[in-house]
Protein chains: 2
Amino acid sequence: MLLRMATLFLRTLREDPADAEVASHRLLLRAGYIRRAAPGGFTMLPLGKLVLDRVTEVVRSELAEVGAQEVQFPALLPREPYETSGRWVEYGDGIFTLADRRGAEFLLAPTHEEMFALLVRDLFSSYRDYPVLLYQVQTKFRDEARPRAGLLRGREFLMKDAYSFDLDDAGLAASYATMRAAYQRIFDRLGMSYTIVKAMSGLMGGSASEEFLATAPAGEDTYVGCAACAYAANTEAVVTPAVEATDPAARPAATTHDTPETPTIESLVALANARGLGGRTDWTAADTLKNVVVTVTPPGGKGAPLVIGVPGDREVDLKRLAAALEPATVAMFDDWAAHPFLVRGYIGPQVLAGLGIRYLVDPRVAVGTSWLTGANEAGRHAIDVTHGRDFVADGTIEAAEVRAGDPCPACGEGTLTMRRGIEIGHVFQLGRRFTDAFSVDALGADGKPVRPTMGSYGIGISRAVAAIAEQHHDERGLVWPAAVAPVDVHVVAAGKGDQIAGALALGERLHRMGLRVLVDDRANVSPGVKFTDAELIGVPVTVVVGRRFAEGYVELRDRATGERTDLSVEEVADAIATRTAISGVPSA
Amino acid sequence: MLLRMATLFLRTLREDPADAEVASHRLLLRAGYIRRAAPGGFTMLPLGKLVLDRVTEVVRSELAEVGAQEVQFPALLPREPYETSGRWVEYGDGIFTLADRRGAEFLLAPTHEEMFALLVRDLFSSYRDYPVLLYQVQTKFRDEARPRAGLLRGREFLMKDAYSFDLDDAGLAASYATMRAAYQRIFDRLGMSYTIVKAMSGLMGGSASEEFLATAPAGEDTYVGCAACAYAANTEAVVTPAVEATDPAARPAATTHDTPETPTIESLVALANARGLGGRTDWTAADTLKNVVVTVTPPGGKGAPLVIGVPGDREVDLKRLAAALEPATVAMFDDWAAHPFLVRGYIGPQVLAGLGIRYLVDPRVAVGTSWLTGANEAGRHAIDVTHGRDFVADGTIEAAEVRAGDPCPACGEGTLTMRRGIEIGHVFQLGRRFTDAFSVDALGADGKPVRPTMGSYGIGISRAVAAIAEQHHDERGLVWPAAVAPVDVHVVAAGKGDQIAGALALGERLHRMGLRVLVDDRANVSPGVKFTDAELIGVPVTVVVGRRFAEGYVELRDRATGERTDLSVEEVADAIATRTAISGVPSA
């Protein structure tokens, strides 16, 4: 491939676009890789399409290595299979749906578990057919409430989704391990820094679930890592270390006290210390039990109040709460009129069982722990309210915020730090949710039916392009890794006439060696603008055809290090060929 | 690439699927290339995806040769640009539209003229930027009323759409010629028989317009060809040779006659001859003027009656009529109650001008021609009703059926024959409809704005796969041209044990030579079933590893000719390499 800047469909921007906040969005726009075309929808310009294709090819080649077979499903699918699996309702507003001219309902499928399960049921019948690993690379659509950050969170994007089918859990674990390793090779080849974090499986159900997060300050996924061990997890997936239960009967009896004007934890702690409640003046927020009321609505069902009890020094994290309650949806409670016994600001768990209201507590609110909490009367609180004696929770829930400094749930020694990343991949052991939904069965060796178990594996390909840009840029522009750069070498004619002809001749020569080449042969553009553009575009190696070209010399510039070397025209071809052979996959 | 039948995600079908009527649909299903997933939506199985990718690569490589640059637009686009161009309304039921979670309206764009025009306006500003040729390969969606014939007419399909932008008509003509020639190379490389036919530009407006039709009895496009010259045209685009006007005053005066019970042409001609109307007994349908009333509705407007006058020996062709009236839509007239002066079965053009009803005639109804036609009273007709004296048409229209035997409008000597084909490509000179709609301007050399003119060029890639299958099959299965076959060679192990090991070793050797290889290494399948499958799948060359393999010999089978040759293992590798190098593009 030999591209010429004089005719390339590319215009770089001098200024940062007003609405582009993150670096990848800003630079991909400025360097002419992408252009906005719709809310959350971007056009890939020629250079952007080349990078997207290279990322796709890396994904394809590693999947081929592990025997995954490529298929391609329609994106527009009828409602029925998604109705059967329950996801039509679960997805809610998150997907695009439409009716055809006859009124039949369709969706633009965000993932295809249903269709792959149906296809395997259609083609396979015997245990001998298994295992199988299938994938597709497809444009996906999601009705994102807040599309943002360019390719990082769009409403239309390119995704690779893969599915494994095995006959038993050991097989699934093996397929999962195979795909997890393939993902590591893919992201390594793409030059990405990433962390594999434990994740919730969310709407999908299933067991083991991990996300590949590209390390990036601009990432919208928060995760935690342990400083002492390898533990890393999505905040939604962090499990609070259990607190051992103790004997509630050993605690002093609960007593109720007037605490006027204390609807907040802060005001309550201040008053408790001022009055020396229970003979103590060392009350902190951690001694209080905060009870938050929410409305929980199961899919297709009716909303009901739920009270969440957390230590008063922690907020309820709405993302963790939502993940813990999925597929039900959660909203702030506002039906106080219908529940006069829930006294706003003074709710305690003592009465909830009697009111028939479900109560879930943070794992720190263990049986035998005592708390300063509401007494269910305005201006009144109780102390020594003890779990297992004065109230019994209906269960625990991981809804309290995770904080830097919390103990690591894996090693118990280190403490957690908060990190940010971009989700670029997700692997999980889905189990039999979809094979059950569609009665996918294989005839076993013993003549009895066996129900296969599924794994599901996704990579956001267009998002990966942006994540690579997040990780590989500087103040002057993009700095692509060789494996995904739109071209291998950028030849810049610093002057006119002979230097343009020389740049084109050199470009042609490099092209014939099998390199991808971009030649800046623009006659009416100054060398300064060309160099600025080259740095913005971010090809790993630039060759400047300048004054010394008449003597047979050109300058090699390394975009990442800034290193500049004068080489003869003979040497430069070898130097680039060597570099590219080392770092990437040259191709015609 | 080395595929193994033992693990390939492929199951062939012994029986013809019940709902597959055309050969390509039947064979692509039976041979395991595609599977139905939705109404008009098909899943490409691994072999189907390989063929689709190979066709796509042929398209891409020829477009790269002519300097076309690849981009990729979103498919889901906001209503506004299509509203501006008028196509939101024009497309009507033919496209899928949807509303997002905020109620904003979107469409799944069937083509992208609007977006390309906007993008060029966004990036380009000077006359120096032009010309430019851009394309994308994209999954397209159309709400087909009657999806049919597998990949031939689906609701979701892969398409290449390209657009040229030039500063003047000569530039557009040159771009058009370039793309037309590229299309010829593409379809030649794909091994297709095709005809380039003159076409209507339809909703697009514009001037020159040609379709590439793959010759196929299963094609749903009817076109005509001349036996004496190279003329070929879509029936919609056939222009009736003009009949010269003569002096209406030279004709005998019109007279009105009782013609009871003659609401049809047949009954009228019979009665006219029985009664010797006007002293003649040689009346034929061609002497009568048939007046058909339709309701025409302009986009977003109100319906109004239109009368079409055609010689009584021809029907009105609804496709030609619809094409002639686009973008207005046409329906049969049914509001007789509101128009008491339109006497069903006895309508003549004499009164239409007085009634304010538009009247368009077939070009054969020239000024000076006289007709037997309705007298606008039940049971009455008139003779010698002459155009230019007794009535004046508001214009001519190409709505009468085209018939085999009609004179060729190009050479005037040959006669037309009717043929059938599959539309696989369309090139047309679009003009300035979209650059006008979006005020796309380039600053000219003289400082004045120049409005670019567009060309639009489409290839149905998934449809081309089916069209190739239509043209390349026999009663035993598919017979792929080498350039698009899913693999280059199909190695069949005729026996078990050694022969399977030998087939795999040979396959590995061919693979290392850069060939795409499929090895049938199934242990529990009979040689007969393997041979049947190989013929169904249709790879150009099969190598049978059978009994003589122990002596170092294998059998080479040519799928197209059926020829079988025994060759040594050494010879077979060379023979295949030679064949493939001659006929196609080998790749790793």
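This is a predicted model: local features need pLDDT of at least 70, side-chain atom pairs count only at pLDDT 80 or more; totals for chains, interfaces and linings use all residues.
Which residues in α5(B) are buried?

Figure 1. The buried residues in α5(B) are E113(B), E114(B), M115(B), F116(B), A117(B), L119(B), V120(B) and L123(B). Because 8 of the 11 residues of this helix, which covers residues 113–123 of chain B, are buried, helix α5 is largely enclosed by the rest of the structure.

**Figure 2. The rotation axis that relates chain A and chain B.** Chain A is superposed on chain B by a rotation of 180 degrees with 0.0 Å of shift along the axis, and the RMSD of this superposition is 0.2 Å. That is the relation of a two-fold axis. The same surface serves both copies, since 100% of the contact residues of chain A recur in chain B. Among the residues of chain A, L98(A) comes closest to the rotation axis, with its C-alpha at 2.7 Å.

**Figure 3. A salt bridge between D100(A) and R155(B).** Side chains of opposite charge can pair when their charged atoms come close. In the salt bridge of D100(A) with R155(B), the closest N and O atoms are 2.9 Å apart. D100(A) lies in the loop between β6 (97–99) and β7 (105–108) of chain A, while R155(B) lies in the loop between β8 (132–141) and β9 (156–166) of chain B, so the pair joins two chains. D100(A) is buried, with a relative accessible area of 9%, and R155(B) also counts as buried, at 3% relative accessibility. A network of salt bridges links K49(A), D53(A), E57(B), R60(B) and E70(B).

**Figure 4. Two salt bridges within chain B, E144(B) with R153(B) and D566(B) with R548(B).** The side chains of E144(B) and R153(B) meet at 2.7 Å, N to O, and both of these residues are buried. For D566(B) and R548(B) the N to O distance is 2.8 Å. D566(B) belongs to strand β32 (residues 564–568) and R548(B) to the loop between β30 (541–545) and β31 (553–558) of chain B, so this pair ties together parts that are 18 residues apart in sequence. D566(B) is partly exposed, with a relative accessible area of 39%, and R548(B) is partly exposed as well, with a relative accessible area of 34%.

**Figure 5. A nonpolar surface patch on chain B.**

Technical notes: Residues are numbered from 1 along each chain as its sequence is written. Chains are lettered from A and ligands numbered from 1 in the order in which they are written. Side-chain values use heavy atoms; hydrogens and water are left out. Copies are superposed by least squares on the C-alpha atoms of residues with pLDDT of at least 70 in both. Contact means heavy atoms within 4.5 Å. Patches are made of residues with over 30% relative accessible area and no salt bridge: like charges are joined within 9 Å, nonpolar side chains (Val, Leu, Ile, Met, Phe, Trp, Tyr) within 5 Å. Accessible areas come from the Shrake-Rupley method with a 1.4 Å probe; for residues, only the protein chains shown count as cover. A salt bridge is a side-chain nitrogen of Lys or Arg within 4 Å of a carboxyl oxygen of Asp or Glu. Buried means under 20% relative accessible area, exposed over 50%, partly exposed in between (1.4 Å probe, protein chains only). Helices (H or I, at least four residues) and strands (E, at least two) are DSSP runs, numbered from the N terminus.
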